[in-house]
Amino acid sequence: MPDIELAAQALASAHKIVCFSGAGISAESGIPTYRDKMTGLWERYSPQELETAKAFRENPKLIWGWYLWRRKQAAQAQPNAAHLALHNMVSLGKKVSVITQNIDDLHERAGSQDVVHLHGNLNTPKCFACHRPAGMAQVEDIVPEEGALIDPPRCGRCGGRLRPGVVWYGENLPKDAWKSAMSLVKDCDVLISVGTSGVVFPAAKLPDIALSAGSTVIHVNTLDVGLGNSNELMLIGRASEVLPQLFAAMASGA
Ligand code: NAD
């Protein structure tokens with residue numbers, strides 16, 4: 001039987017489905033992955049250079065400008081057929097939870113309500129000095145040009161600089177998010193891992209944790225991720241094509 005049918009069967013008989021998503025699911029909404037070349041002025045930098053506390057300390061205007069630019073990209077993007085197909089699985093009586101490494105809000109805007117952001121998100125700034133959450137009201141609605149240097153706003157309590165509420169390289173994941181992710185993964189029937197290169201840890205451990213707990217893991221990626229377990233399936237293709245196909249096969253009772 002073709003893998004897509006095996007995957008649809010596993011999903012059709014599942015009650016609890018978890019989607020573990022990475023940048024690839026948002027790529028077709030126009031938000032580049034880390035493997036895509038950045039455009040314009042940002043070509044000079046790699047995200048790994050910009051997304052550290054050290055970079056922010058040394059050049060806060062550059063890093064704040066980078067995140068405002070990413071926020072603009074995310075705000076202009078629309079959820080694609082992959083985000084929507086995942087949410088639509090709820091209409092088939094499934095409990096669908098999302099654990100995402102993405103800092104955009106496209107899953108939520110597609111209708112998903114149970115979304116865990118392992119790496120934070122673009123709309124929860126906090127103080128770099130005292131770590132208190134700041135709220136978006138303090139962030140001016142600047143729409144920056146690429147590469148713009150923009151002064152971060154100051155914390156209303158201590159005067160420190162605000163930073164984005166995302167997880168930078170070298171930082172720990174938010175404890176609550178990791179705890180929620182672990183319990184969802186250990187308790188799901190099927191985990192669909194979509195558009196992730198699986199190189200950023202500890203998030204990348206989640207598919208293996210699901211397998212150890214006895215779940216089926218379905219990988220959806222434009223590249224073959226290489227399988228090592230008999231409970232894993234690989235569907236090679238674009239998320240925006242494969243996930244609607246899976247939904248259609250589930251809905252038709254395949
Ligand atoms: P990544 O860039 O390392 O990998 C992206 C993966 O998606 C690759 O395996 C690629 O083959 C696959 N892919 C690309 N286009 C696809 C498509 N149309 N359909 C299916 N698969 C596709 O991203 P990652 O694994 O998420 O990990 C790295 C970090 O990237 C995360 O920490 C995340 O915070 C960050 N990131 C997030 C966004 C966002 O919020 N949208 C964008 C860029 C990077």
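I looked for salt bridges between domain 1 and domain 2 and the count is zero; the rule asks for a side-chain nitrogen of Lys or Arg within 4 Å of a carboxyl oxygen of Asp or Glu. This is a predicted model, where local features need pLDDT of at least 70, side-chain atom pairs count only at pLDDT 80 or more, and totals for chains, interfaces and linings use all residues. Residues are numbered from 1 along each chain as its sequence is written, and side-chain values use heavy atoms, with hydrogens and water left out.

I then checked polar contacts across the interface of domain 1 and domain 2 and found one residue pair, both at pLDDT 80 or more. A polar contact is a pair of N or O atoms within 3.5 Å; within protein, one must be able to donate a hydrogen and the other to accept it, and residues adjacent in sequence count only if both atoms are side-chain atoms.

I noted the domain bounds, which come from an automatic or database domain assignment: domain 1 is 1-30 + 79-120 + 173-254 and domain 2 is 32-76 + 123-163. The contact (heavy atoms within 4.5 Å) takes 11 residues from domain 1 and nine from domain 2.

I turned to the ligand. Which polar atoms of the protein lie by its oxygen and nitrogen atoms? A polar backbone atom of Gln-101 is 2.6 Å from a ligand oxygen. In the side chain of His-119, an N or O atom is 2.7 Å from an oxygen atom of the ligand. For a ligand nitrogen, I found a polar side-chain atom of Asp-104 at 2.8 Å.
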